[in-house]
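Subject: The structure you asked about

Hi,

Here is the structure I promised to pass on. Have it open while you read, and my notes follow just below.

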Amino acid sequence: YFMATVELETAEQKVKREAEEKSSNERETLRASIEAEINQKEPGIKVFDWTFGNDETGEVRVFVRQPNRYVKNAAIDEETISKTKSWQTLFETCVIKEHTDKRVHDENPENDMFYYAVLNKMDSLIIWYSIDNIKKK
């Protein structure tokens, strides 16, 4: 004997879910559009859409282009001196300012939290390779 419990979606939950799906589709469309624009000049460059925030700050969207090898090398070299300097190099060259939430670039101290949140994520743009991690086929 098996008894299943089914939860029905309320009208409010359905509206919320549909709004989230629409928002997600719009975000992906915008990200793809920015990527296509960049790829006209530099084929193969990926664009990432980083979104964060809370009820108090609202949504903060940051569009970041994949760094080229030269920028990655500069960031890796700078890492030996200062992690923050390394992240700053990536921030300056990879964050797509015209499509990113203006608070990220605003130097008003009340917006520092947005800048530092993005700066801290810059490390994820570099894939750290070592000989031990590269397996022979």
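(Buried means under 20% relative accessible area, exposed over 50%, and partly exposed in between, using a 1.4 Å probe and protein chains only.)

Before going on, some ground rules. This is a predicted model, so local features need pLDDT of at least 70 and side-chain atom pairs count only at pLDDT 80 or more, while totals for chains, interfaces and linings use all residues. Residues are numbered from 1 along each chain as its sequence is written, and side-chain values use heavy atoms, with hydrogens and water left out.

The overall layout

The protein chain has 4 helices and 2 strands. (These are DSSP runs numbered from the N terminus: H or I with at least four residues for helices, E with at least two for strands.) If you follow the sequence along, the pattern is α-β-β-α-α-α. Of the 137 residues in the protein chain, 26% count as buried. Take the contacts (heavy atoms within 4.5 Å) with a separation of 6 or more: residues 24 or more positions apart account for 56% of them.

Salt bridges

A search of the whole structure turns up 7 salt bridges. (That is a side-chain nitrogen of Lys or Arg within 4 Å of a carboxyl oxygen of Asp or Glu.) One of them joins Glu-59 to Arg-27, with the closest N and O atoms 2.8 Å apart. Glu-59 sits in strand 2 (residues 58-65) and Arg-27 in helix 1 (residues 11-41), so this pair ties together parts that are 32 residues apart in sequence. Glu-59 is partly exposed, at 44% relative accessibility.

Glu-28 is partly exposed, with a relative accessible area of 41%. Glu-35 comes in as well, as Glu-28, Arg-31 and Glu-35 are linked in a network of salt bridges.

Now look at Lys-46, in the loop between helix 1 and strand 1. Lys-46 is partly exposed, with a relative accessible area of 45%.

Another salt bridge brings together the side chains of Lys-83 and Glu-79, at 2.6 Å from N to O. Lys-83 is found in helix 3 and is partly exposed at 35%; Glu-79 is partly exposed too, at 23% relative accessibility. The C-alpha atoms of Lys-83 and Asp-123 are separated by 8.6 Å, although these residues are 40 apart along the chain.

The cores

In soluble globular proteins, nonpolar side chains tend to be buried together. In this model, the largest nonpolar core has 19 residues, and Val-62, Phe-91, Val-118 and Met-122 have the most contacts inside it. (A nonpolar core is a set of buried Ala, Val, Leu, Ile, Met, Phe, Trp, Tyr and Cys residues joined through side-chain atoms within 4.5 Å.) Strand 2, helix 2 (69-79), helix 3 and helix 4 each supply at least two residues of this core. A second, separate core of 6 residues includes Ile-34, Ile-38, Val-47 and Phe-63.

Which residues does Met-122 touch, leaving aside its neighbours within four places in sequence? Met-122 is in contact with Trp-50, Trp-87, Leu-90, Phe-91 and Val-95.

Thr-57 is found in the loop between strand 1 (47-54) and strand 2. Thr-57 counts as buried, at 16% relative accessibility. Not counting residues up to four places away in sequence, Thr-57 touches Arg-103, Met-113 and Phe-114.

Have a look around, and happy exploring!
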